[in-house]
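Reader: Could you take me on a close look at a single part of this structure, and then show me how charged side chains pair up elsewhere in the chain? I'd enjoy a connected walk-through.

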Amino acid sequence: MFLSTKEGPLNLSAFHLNTLLALGVSYYVRLEKERIDYANIINREFGLEHFEEDILNKVVISCQDLFIGELKLDSSIAKNDALKENVWMMTLMIELKIPLFLVGKPGSSKSLAKTVVADIMQGQNSYSEMFKNFKEIHMVSFQCSPLATSDGIVGTFRQCQKYQKKKDLSKLTSVVILDEVGLAEDSEKMPLKALHPLLEDGCIDDDDLPTPDKKVAFVGISNWALDPAKMNRGILLSRTRPDIQDLI
């Protein structure tokens, strides 16, 4: 892959490109104020410190642009950094069935990203040629609140598992969306404790056997960070406050 830099084109091998993207998904996006410091460390470790630009960020943004470029959006919707990052991470984590916790202040395009991802991830029926290579998704949302119960959350997972049963899981996946999941932390019934086993193998009863159809994709959307015991069971995307460029 060739990247255009101030010092000229940079040719990255497939290994270096894949490693940078993996680091971007696993660590870079969970940081808020420390992204630049982390990117500088990666530049140094990869022998890229002589480049003035943030190579890790450049690789990640280039990949995000491929995804966001496939979306059909109204002219009134800006393709800002928040939307690009949210769509990119949601698509990857849903495809790989890796739990994703999306944390950001109101207005950071979390719900919008959910809507456009559900619209484009339709397998062979997708309007995008690139997204025809991704799975078709069946998305089920659960609105969390201080009154939420573990039965409601478990029921949502069971609904998705039932939809996946006897389906070709290489072409289709169900997605559990917990909206405003942070509100459920205020419940005295502690409903989010049910998430621990569900995110690991989809089983919650001792007599349940983990099978492929019980593992569903998961996206938890919150305005603030959750208990680390929950977020560490998946990938965390921490959206920073919008900068001047985003607001313009």
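Author: Happy to! Just after helix α4, K97 takes a positive phi of about 60 degrees. Please keep in mind that this is a predicted model. Most of α4 is covered, with 13 of its 16 residues buried.

Now to the charges. Side chains of opposite charge can pair when their charged atoms come close. One network of salt bridges links R35, E85 and R239.

Across the whole structure, a search finds nine salt bridges. In one of them, D179 pairs with K114, with the closest N and O atoms 3.0 Å apart. Because D179 lies in strand β5 and K114 in helix α5, this pair ties together parts that are 65 residues apart in sequence. D179 is buried at 10% relative accessible area, and K114 is buried at 15%.

Another salt bridge joins K58 and E53, at 3.3 Å between the closest N and O atoms. Here K58 is partly exposed, at 24%, whereas E53 counts as buried at 18%. K230 and D227 form a further salt bridge, with 3.4 Å between their closest N and O atoms. In that pair K230 is buried, at 10%, while D227 is partly exposed, at 31%.

How values were computed: Residues are numbered from 1 along each chain as its sequence is written. This is a predicted model: local features need pLDDT of at least 70, side-chain atom pairs count only at pLDDT 80 or more; totals for chains, interfaces and linings use all residues. Side-chain values use heavy atoms; hydrogens and water are left out. Buried means under 20% relative accessible area, exposed over 50%, partly exposed in between (1.4 Å probe, protein chains only). Helices (H or I, at least four residues) and strands (E, at least two) are DSSP runs, numbered from the N terminus. A salt bridge is a side-chain nitrogen of Lys or Arg within 4 Å of a carboxyl oxygen of Asp or Glu.
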